[in-house]
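User: Can you walk me through this model? Keep it short, please.
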Amino acid sequence: MAGLNLLAFPAGVIIAALASAVGIGGGILWMPFFIIFLKLSPETAVVTSLLVQTAGMGSGSAAYIKKKTADLPLAGFFLLLALPGLGIGALLTRLLSSANLELALGILTLTTAFIFVSANQKYTDTGQDRVAVKQARHCGWLVSFMAVASGMLSVSIGEWLVPLMRNRLKLRMRVAVATSIVTIFGTCVAGSVIHVILGASADLSAFFWAVPGVIIGGQIGPWFTEKINERMLKEVFIFLLTLIGIHLIYNSY
């Protein structure tokens, strides 16, 4: 197992580079990697994935906060709404069998691939820089619902949060992305704490190998977007998600 944990470093480079290039969270790829390649139990994989994402999102959050791009009151509101869902998701991780968790992850992976195909979020600079928190109240149930999946499977809520802020709250794309990153960072920290309180533990060896890879990959991703056609990057990502989803569903039986 210790030898296999070395794979977390190159995986960190690849996952972080791909995730940052196409603008999604890495949890949807970290969970399959930990389960399929490192053979971690779903409980251990979830905590390890959340910790790795905490390290990756921490630097991005700090940068956005320093630039005052993120809508911090809105991010705080979303985080408060996410806490109950994170707790429910963490409980489900302990109550459901490994096979059921793999099935749920496979379905969610395929769903994310479908959403990514159908979504068409243009990076335009139109929209608002800030919105009143009360305007986001009608979206509260959706954030809480998404947080259940995050707490149960460590997947990022950013894939759904950015379209929500763009389409329903009419925020500028850069503000929506920045606010999403800060919110994801908060959910990763809170989710990790909740899982640890419930008795789960992370694979620290895999975590320490993954973090340097994530840092390097995070710098490579933006370079990819300049050198490689965006459509090709998305097609590779969708193809990868589809293969992973099918494998997880098949493996759950």
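User: Is Ser154 buried or exposed?
Analyst: Ser154 is buried, with a relative accessible area of 1%. Buried means under 20% relative accessible area, exposed over 50%, and partly exposed in between, with a 1.4 Å probe and protein chains only. Note that this is a predicted model: local features need pLDDT of at least 70, side-chain atom pairs count only at pLDDT 80 or more, and totals for chains, interfaces and linings use all residues. Residues are numbered from 1 along each chain as its sequence is written, and side-chain values use heavy atoms, with hydrogens and water left out.

User: Where does Ser154 lie?
Analyst: Ser154 is in the loop between H6 and helix H7 (158-167). Helices (H or I, at least four residues) are DSSP runs, numbered from the N terminus. Ser154 also has a positive phi of about 65°, although it is not a glycine.

User: What is the phi of Lys68?
Analyst: Lys68 has a positive phi of about 60°, and it is not a glycine. Lys68 sits in the loop between helix H3 (42-66) and H4. Lys68 is exposed, at 67% relative accessible area.

User: Now helix packing. How do H5 and H6 cross?
Analyst: The axes of H5 (residues 98-118) and H6 (residues 140-153) come within 11 Å and cross at roughly 130°. Axes are lines fitted to C-alpha atoms, for helices over the stretch in contact, and angles run from 0 to 180 degrees between N-to-C directions. H5 and H6 are therefore oblique to each other. Angles under 35 degrees count as roughly parallel, over 145 as roughly antiparallel, 65 to 115 as roughly perpendicular and the rest as oblique.

User: Which residues of H5 and H6 meet?
Analyst: Leu101, Ala104, Leu105 and Leu108 in H5 meet Ala149, Met152 and Leu153 in H6. Contact means heavy atoms within 4.5 Å. The residues of this contact are seven nonpolar, no polar and no charged. Here Ala, Val, Leu, Ile, Met, Phe, Trp, Tyr, Cys and Pro count as nonpolar, Asp, Glu, Lys and Arg as charged, and the others, Gly among them, as polar.

User: How do H4 and H8 cross?
Analyst: The axes of H4 (residues 72-95) and H8 (residues 173-197) come within 8 Å and cross at roughly 35°. Residues in the contact include Phe78, Ala82 and Gly87 of H4, and Val182, Gly186 and His195 of H8. The contact of H4 with H8 divides into twelve nonpolar, eight polar and no charged residues.

User: Switching topic. How many aromatic pairs are there?
Analyst: The structure holds six aromatic pairs. Rings of Phe, Tyr and Trp (its six-membered ring) pair if their centres lie within 6.5 Å; planes under 30 degrees apart count as stacked, over 60 as edge-to-face and the rest as tilted. The rings of Phe207 and Phe208 have centres 5.1 Å apart and planes at 65°, so that pair is edge-to-face. Phe207 is buried at 15%, while Phe208 is exposed at 55% relative accessibility.

User: Which residues form the aromatic cluster?
Analyst: Trp30, Phe33, Phe34 and Phe37 form one aromatic cluster. Phe33 is in helix H2 (residues 27-37) and counts as buried at 9% relative accessibility. Leaving aside neighbours within four places in sequence, Phe33 contacts Leu7, Ala8, Ala11, Ile15 and Leu38.

Methods:
Helix = DSSP H or I, 4+ residues; strand = E, 2+ residues; numbered from the N terminus.
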